[in-house]
Amino acid sequence: MSKGGGEMVYIPDDSDFNTFRDECESQEGWNSQYNKSGVAVWSQGHEESKTIQKIKMQIACRDVPPETLYDVLHDTHYRKKWDSNMIETYDIGRLTVNADVGYYSWRCPSPLKNRDFVTLRSWLPLGNDYMIINYSVKHPYPPRKDFVRAVSLQTGYLIKATGNSGCILYYLTQVDPRGSLPKWVVNKASQYVAPKAMKKIYKAGLKYPEWKRKHNPDFKPWVYPEQNTLPSISLAELSLQHADSLENIDESGLTEDKMCISDGEA
């Protein structure tokens, strides 16, 4: 997601957010992969050899106001309660009032190796709608030997108000998992893992107000930047994370019968 194809790390501006919104809402060039129970999944780039797919999801969240879902997606303490794929996540440093750098590690279904990411994340409230987008950056935080460092080319959420205290959540992601994954993994991601993940976020939204009342209810640094105590970091400390500088592993021979899905995902 480099500006004008350049190599500089930069903080997304209004035009980037508008482009992201358009992509979430557009149907052109997307292939439907799944559509039931209020969840839809589309993909782009479904060639046999392509593991760097673009996947887009949508779920209607009745009775969850958009600002609540926005809080859910920002609140790293709450994330531990609902995201069973997460191993750990934390914020590394602050760039501006609406941009930071963070770490996220992700539990992949066994026998795949777990992945982790370091991303520059930026967010924008627009009236009753909200957007959060990220892409991978290189930061002195080193890769860990028990994880494969993956690359988010662009990942983000669009939360659109629907009236009646509800919203529609779009999730769009294009990730390089660093490695040749078996085709069944790519298929399972869109048919099984993705819809489950969207339903989890919806459920998390329904339960968040009650949880937040008991856990530091006034602390929302993503809404009140003066509460943010992260160390400041500058763009000069960051560079674009190039996939070709990271380990590439071949897991394409792994068979589905060896796959283990954790209780949290079942």
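Which helix does Trp-211 lie in?

1. **Trp-211 and its place.** This is a predicted model. Trp-211 belongs to helix H4, which spans residues 183-214. The residue is buried, with 13% relative accessibility. Leaving aside residues up to four places away in sequence, Trp-211 touches Asp-75, His-77, Tyr-78 and Lys-81.

2. **The Tyr-78 partner.** Tyr-78 and Trp-211 make an aromatic pair. Their ring centres are 4.8 Å apart.

3. **What the pair joins.** Tyr-78 sits in helix H3 and Trp-211 in helix H4, so the pair ties together parts 133 residues apart in sequence. Ring pairs also bring in Tyr-208, giving a cluster of Tyr-78, Tyr-208 and Trp-211. The count for the protein is 7 aromatic pairs.

4. **The largest nonpolar core.** This core has 30 residues. Cys-61, Leu-69, Ile-159 and Leu-169 have the most contacts inside it. Helices H2 (66-74), H3 (76-82) and H4 are among the elements that give it two or more residues. H4 supplies the largest share, 7 residues. In soluble globular proteins, nonpolar side chains tend to be buried together.

5. **A second core.** A separate core holds 15 residues. Tyr-103, Val-118, Leu-120 and Ile-233 are included in it.

6. **Cys-61 up close.** Cys-61 is buried, at 1% relative accessibility. Its contacts, not counting residues up to four places away in sequence, are Leu-69, Gly-166, Cys-167, Leu-169 and Tyr-202. Leu-69 and Leu-169 are also listed with Cys-61 among the residues with the most contacts inside the largest core.

7. The cut-off for a disulfide is 2.5 Å between sulfur atoms. The count for the model is 0 disulfides. Another cysteine, Cys-108, is buried at 8% relative accessibility.

8. **Helix H2.** How many of the 9 residues of H2 are buried? The number is 8, so the helix is mostly covered by the under 20% criterion. The buried residues are Pro-66, Thr-68, Leu-69, Tyr-70, Asp-71, Val-72, Leu-73 and His-74. Asp-71 and His-74 are therefore on the buried list by that same cut-off.

9. **A charge over a ring.** Lys-56 places its charged end over the ring of Trp-42. The distance to the ring centre is 5.2 Å.

10. **The whole chain.** The protein has 4 helices and 13 strands. Of its 266 residues, 49% count as buried. Among contacts with a separation of 6 or more, 64% are between residues 24 or more positions apart. The accessible surface comes to about 13,100 Å². Carbon and sulfur atoms account for 51% of that surface.

Note on methods
Residues are numbered from 1 along each chain as its sequence is written. This is a predicted model: local features need pLDDT of at least 70, side-chain atom pairs count only at pLDDT 80 or more; totals for chains, interfaces and linings use all residues. Side-chain values use heavy atoms; hydrogens and water are left out. Buried means under 20% relative accessible area, exposed over 50%, partly exposed in between (1.4 Å probe, protein chains only). Contact means heavy atoms within 4.5 Å. A nonpolar core is a set of buried Ala, Val, Leu, Ile, Met, Phe, Trp, Tyr and Cys residues joined through side-chain atoms within 4.5 Å. Rings of Phe, Tyr and Trp (its six-membered ring) pair if their centres lie within 6.5 Å; planes under 30 degrees apart count as stacked, over 60 as edge-to-face and the rest as tilted. A charge sits over a ring if NZ of Lys or CZ of Arg is within 6 Å of the ring centre and within 35 degrees of the ring normal. Accessible areas come from the Shrake-Rupley method with a 1.4 Å probe; for residues, only the protein chains shown count as cover.
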